[in-house]
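Look at the sequence and the 3D structure shown here, and keep both in view while reading.

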Amino acid sequence: MLEVRDLHCGYGNAIVLRGVSLQVGSGEIVALLGRNGMGKTTFIRSIMGLTPPQVGSGTVIWDGENLTGLRPHNIADRKIGIVPQGRRLFPSLTVTEHLTMLKSARAKGGWTIDRVFGIFPRLAERRHHRGGQLSGGERGMLAVGRALMIDPKLILMDEPSEGLAPVMVQHLEGIIRELKREGVSILLVEQNLYSALAVADRLHVLETGRIVHHGTADELSRQTDVLFQHLGVR
Ligand SMILES: Nc1ncnc2c1ncn2[C@@H]1O[C@H](COP(=O)(O)OP(=O)(O)OP(=O)(O)O)[C@@H](O)[C@H]1O
Ligand SMILES: [Mg+2]
């Protein structure tokens with residue numbers, strides 16, 4: 001289980017997160033919603049050790065271990081997968097190379113390249129194409145597939161539905177539910193409220209660095225007007 005406590009973080013003098021606390025239980029899907037620039041990506045990056053919180057200003061506990069201050073690659077070794085915003089693929093590496101580069105020879109977990117191709121047949125067709133040649137949707141699928149190849153127990157997904165056609169968004173929702181059934185925990189950053197409500201057990205809304213609204217999907221599905229206000233959609 002992931003437990004983030006009272007996280008403060010920023011860039012230089014600019015404070016972005018002003019005390020964010022959030023938990024993701026085993027096999028739980030927790031969504032973090034918020035408008036552009038509210039700090040969602042910064043929150044994910046903090047968990048991965050990429051924007052370390054200032055000393056004494058919050059903790060990140062994963063499986064009982066304090067990750068605060070660990071190097072990013074050590075955090076990834078803890079079976080935490082990430083689907084970064086913008087996908088961060090390598091333009092010159094092929095689909096297959098992206099999927100195999102992180103698979104350790106020792107890993108015995110369930111995810112193989114064939115299994116990833118099984119859930120994303122489009123990637124199998126494009127296996128020899130390079131990162132720079134893929135469409136937005138294909139890049140999104142590859143980013144999810146790459147995260148799965150480390151056999152994650154927790155996946156941090158930063159707007160995975162961005163750039164996907166509606167039918168692919170539904171496909172991704174199905175994959176997220178299947179991962180949940182396998183006991184994988186997911187922190188899902190979304191701006192698409194309906195996509196978040198479709199899969200998440202609990203949701204949080206981040207506004208200028210604070211959680212201003214949270215609840216279960218059942219509770220919040222009856223308060224979509226309030227959520228849309230926070231998200232600036234209406
Ligand atoms: N490397 C950086 N250096 C300085 N400021 C940054 C940096 N990255 C982000 N910021 C600022 O921090 C704030 C939060 O950015 P962040 O990327 O976390 O927002 P977000 O909620 O993910 O937005 P979006 O929905 O657009 O992805 C913004 O004001 C942004 O301009
Ligand atoms: Mg972002």
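The paragraphs below go from the whole protein to its sheets, its core and the surroundings of its ligand.

This is a predicted model, in which local features need pLDDT of at least 70 and side-chain atom pairs count only at pLDDT 80 or more, while totals for chains, interfaces and linings use all residues. Residues are numbered from 1 along each chain as its sequence is written, and chains are lettered from A and ligands numbered from 1 in the order in which they are written.

The protein has ten helices and ten strands. Helices (H or I, at least four residues) and strands (E, at least two) are DSSP runs, numbered from the N terminus. The radius of gyration is 17 Å, close to the 17 Å that the globule rule gives for 234 residues, so the protein is as compact as a globular protein of that length. This radius is taken over C-alpha atoms, and the globule rule is 2.2 Å times the number of residues to the power 0.38. Along the principal axes, the C-alpha atoms fill a box of roughly 45 × 40 × 35 Å.

Two percentages describe the protein as a whole. Of its 234 residues, 38% count as buried. A residue is buried if 20 or more other C-beta atoms lie within 10 Å of its own, exposed if 12 or fewer, and partly exposed in between, with C-beta atoms placed from the backbone. The other percentage concerns contacts, where two residues are in contact if their C-beta atoms, placed from the backbone, lie within 7 Å. Among contacts between residues at least 6 apart in sequence, 65% join residues at least 24 apart.

Strands β1 and β2 run antiparallel and are joined by eight bridges; two strands pair if DSSP finds at least two bridges between them. L2 stands opposite V24 in β2. The hairpin of β1 and β2 has two residues between the strands, and G12 there takes a positive phi near 60°. β1 also pairs with strand β4 (residues 59-62), in the antiparallel sense and over four bridges. Here E3 stands opposite I61, and R5 stands opposite T59. The open sheet of four strands has the order β2-β1-β4-β5, with antiparallel pairing. Its edge strands, β2 and β5 (65-66), each pair on one side only.

Next, find strand β8 (residues 185-190). Six of its six residues are buried, so β8 is largely enclosed by the rest of the structure. In a regular strand the side chains alternate between the two faces of the sheet. In β8 both faces are covered: S185, L187 and V189 are buried on one side, and I186, L188 and E190 on the other. Strand β3 (residues 29-33) runs parallel to β8, joined by five bridges, and I29 stands opposite I186. Strand β7 (residues 154-158) also pairs with β8 in the parallel sense, over five bridges. The bridge partner of I155 in β8 is I186.

In soluble globular proteins, nonpolar side chains tend to be buried together. A nonpolar core is a set of buried Ala, Val, Leu, Ile, Met, Phe, Trp, Tyr and Cys residues joined through C-beta atoms within 7 Å. The largest such core has 59 residues, of which L156 and L188 touch the most other members. Helix α6 (residues 136-148) gives the largest share of this core, six residues. Beyond its neighbours within four places in sequence, L188 is in contact with I29, V30, A31, M157, A196, V199 and A200.

Which residues surround ligand 1? They are Y11, A14, V16, G34, N36, G37, M38, G39, K40, T41, T42 and Q85; a residue is near a molecule if its C-beta atom, placed from the backbone, lies within 6 Å of it. By class, this shell has four nonpolar, seven polar and one charged residues. Ala, Val, Leu, Ile, Met, Phe, Trp, Tyr, Cys and Pro count as nonpolar, Asp, Glu, Lys and Arg as charged, and the others, Gly among them, as polar.

β2 (14-24) and α1 (40-47) each supply at least two residues of the shell, and α1 gives the largest share, three residues. Seven of the eight residues of α1 are buried, K40 and T42 among them. Y11, in strand β1, counts as exposed, with 9 C-beta neighbours inside 10 Å.
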